[in-house]
Amino acid sequence: MGLLEFDGEPLTWEKLKPYVEHVKTHGIQQFLHNYRRLMQRPGDILKWGDEVEYMIIKFDHTNRKVQLSLRGEELCEILQEKEKKKMKNLTSLWRPEYASYMVEGTPGVPYMGYMAQFNVVEANMKMRRKEVQELLNDDEQIVSLTVFPRLGCIDFTYPPHKITGPESNPVSRSLFFPDEAITSHPRFPLLTQNIRLRRGKKIAINIPIFKDTNTPSPFVENLNDPESKAAAKPDHIYMDCMGFGMGNSCLQLTFQACNVEEAKLLYDHLAPVCPIMLALSAASPLYKGYISDIDARWQVIAASVDDRTNEEMGNEPLKNNKHVIQKSRYDSIDSFLSSNSKIFNDINLEVDEEVKSTLLNAGIDDLLAQHIAHLWIRDPLTLFSKKIDLDDENEADHFENIQSTNWQSMRFKPPPPGSSIGWRVEFRVCEAQLTDFENAAFVVFIVLLTRVILTYKLDFLMPISKVDTNMEKSQKNNAILTEKFHFRKNVMTSQSPACCAQLCSFKSNCTEGSGKYLFNLSGVETVNHNLSECCSEMTIDTIINGKVCRGFNIYLSNTISVKTCLIIYKLTCFKLISLEKKLLYFGGEDEFPGFIPLIRRYLDSVEVGVEARCSISEYLNLIGKRASGEYMSAAQWIRHFVTSHPEYKHDSVVSDSIAYDLLVHCDQIEKG
């Protein structure tokens, strides 16, 4: 979770405020020094890796109770011993996470671009799990669970910590989440406290409760704190601490691109994929001992770190702050970066105009300058007394201070100073899955999708306002089957190879500000600037598995002319899909190639070993069947388990014994 190195006294918000502009100003200078040094960096090779966050749980089999074991820090110290001794060929690397019941594991070294490495992802995840499990007591288990079902309930931790009121937790002032469950590394309690102090009140998270037949209506929690009573909404589950978001687990991927332009391209074209993968990986319907009416954690974690003041939320006139800010620091991206994407940035973007001017005057391109200036509307949230005056030419702590606390769906990451690491992007939305097989499937699927995007020169750009709409839809109860998502109809470009012509539709009237073209019936590439027709609403099944309407080919000759094709075009429901020399392919209006067919076409064109191809096929099968609804998402499976449990009273309550049975079953599933 961002910067973990520190030196000196952690500064509380009142002590940090005088240095806010200092950090911002020097952060920009650090970025500029680094950018000038690395913008022309020669081609790096593809590297990538995953991060899985785990929880440690403790079973009380006698009393049918399960708790979170606060041993994460202790375990992490042991797990890091080999790395600290600079031992080579490590299987995994370990880092502490926000909550003291969590650890984060990554591969020991990044994966490369070899197809054979897709066959070792799952094995490495199994090794990581085994490493931790060997350190646990007999009644403890490591789980890749997104949200602990009774997080925030009485005695949900082991050892338990009694909370009598806000004064029991001076860092967060939470009624439910003890400060002792926050990892003691200074960054984590400091973030928790300074977010609360900057916003001027406690964190307030409200998510809709699932209304069952015996759920009280209105559903209102009994709260003994005036601030909490005022913040809680009827028919919502109320939470009041950063730990309710950052104490959840997720699955993330990082890609090293060949250069800065490829990094921008990946950032842009993966951003519209984020809502789709959030819905597919949804695994969190339970919060604070209740069943919610959402399936994914995104809005929970966004609210858990929302440091905006009343002025910045637009609830009061601006007086002490500079901007009304539309989103939390943790949310979907707000602008695209690649050279031809500007027209798709269709939402009002708050920027620090002075920062943007500084960047433009220094030669930074407009879209990247806008991106950085947008990040810089936020204040730094942590600072240490001996990390204030830095060498801007050779350090980047002030830049990373703000960059690393803008937790967006994608993250664009410049190389660290003095490092061999290249330009990277992070894909940050996926929820942790229960098994290593599922986590590996999501990782391999997304990595292969990046190869398809780059190899076939595909274009997923769409108005970013529609990406925001999709993010809202993706969190809903059973979104995979009940929602349709905006997605670009025409994903092929004039540079795409002919081998995927009949998989990819040219029927969109999407704006061609990104340099992509339509074919008209004379075979001439044309431009159309109608943003409203860029996308259509599709099911996740269509986006992932594709939708093919039986079409037909026509070869232009002396007897079959363009005029004949025009008559066909007018008299039938078929549209011109592709043109290769004189061969025309007509297809149905709603055709979409689908991610999996594109990936399979790509795999057919490269050398893949038998074992790797078998593993990949199994992973694609899982993703495809989850998208079609044949397989339940983790969230829907958890929801079904609870609501069909014999002790469930149809009152939306997840009791200790139900949570225990659920986690026992999850553990059994993971162990096979």
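Leaving aside its neighbours within four places in sequence, which residues is Q475 in contact with? The first close-up gives the answer, after a word on the model.

This is a predicted model, in which local features need pLDDT of at least 70 and side-chain atom pairs count only at pLDDT 80 or more, while totals for chains, interfaces and linings use all residues. Residues are numbered from 1 along each chain as its sequence is written, and side-chain values use heavy atoms, with hydrogens and water left out.

**View 1. Q475 and its contacts.** Q475 sits in the loop between helix 16 (464–474) and helix 17 (479–482); helices (H or I, at least four residues) and strands (E, at least two) are DSSP runs, numbered from the N terminus. Beyond four places in sequence, Q475 touches L278, I294, D295, A296, W298 and Q299, where contact means heavy atoms within 4.5 Å. With Q299, there is a polar atom of the Q475 side chain 2.8 Å from the backbone nitrogen of Q299. Q475 counts as buried because its relative accessibility is 6% (buried means under 20% relative accessible area, exposed over 50%, partly exposed in between, with a 1.4 Å probe and protein chains only).

**View 2. The aromatic pair Y267 and F412.** These two rings are edge-to-face, 6.3 Å centre to centre with 85 degrees between the planes. For the rule: rings of Phe, Tyr and Trp (its six-membered ring) pair if their centres lie within 6.5 Å, and planes under 30 degrees apart count as stacked, over 60 as edge-to-face and the rest as tilted. The pair ties together distant parts of the chain, since Y267 is in helix 9 (residues 260–270) and F412 is in strand 14 (residues 410–413), 145 residues apart. Both Y267 and F412 are buried. Across the protein, the count comes to 25 aromatic pairs.

**View 3. Helix 5.** Helix 5 (residues 121–133) has 13 residues and spans 19 Å from its first C-alpha to its last, close to the 18 Å expected at 1.5 Å a residue; the expected span is 1.5 Å times one less than the number of residues. Buried residues here are V121, E122, N124, M125, R128, R129, E131 and V132.

**View 4. Two cis peptide bonds.** Most residues other than glycine have a negative phi, and most peptide bonds are trans. The bond from Y158 to P159 is cis, with omega near 0 degrees, and P159 lies in the loop between strand 6 (157–158) and helix 6 (187–199). S217 and P218 are also joined by a cis peptide bond, omega about 0 degrees. P218 is in the loop between strand 7 (205–208) and helix 7 (226–231).

**View 5. Two residues with positive phi.** N89 has phi near 55 degrees and is found in the loop between helix 4 (81–84) and strand 3 (92–96). N89 is exposed, with a relative accessible area of 78%. S652 is not a glycine either, yet its phi is about 75 degrees; its place is the loop between helix 22 (634–643) and helix 23 (656–671). At 0% relative accessibility, S652 counts as buried.

**View 6. Confidence along the chain.** Mean pLDDT (the predictor's confidence in each residue, from 0 to 100) is 90 for the protein, and 88% of its residues reach 70 or more. Over residues 505–529 the pLDDT is below 50, though this stretch has 85 contacts in the model beyond near neighbours in sequence. Where pLDDT is low, the predicted coordinates should not be read in detail.

Definitions and conventions
Polar contact = N/O pair within 3.5 Å; in protein donor to acceptor, adjacent residues only side chain to side chain.
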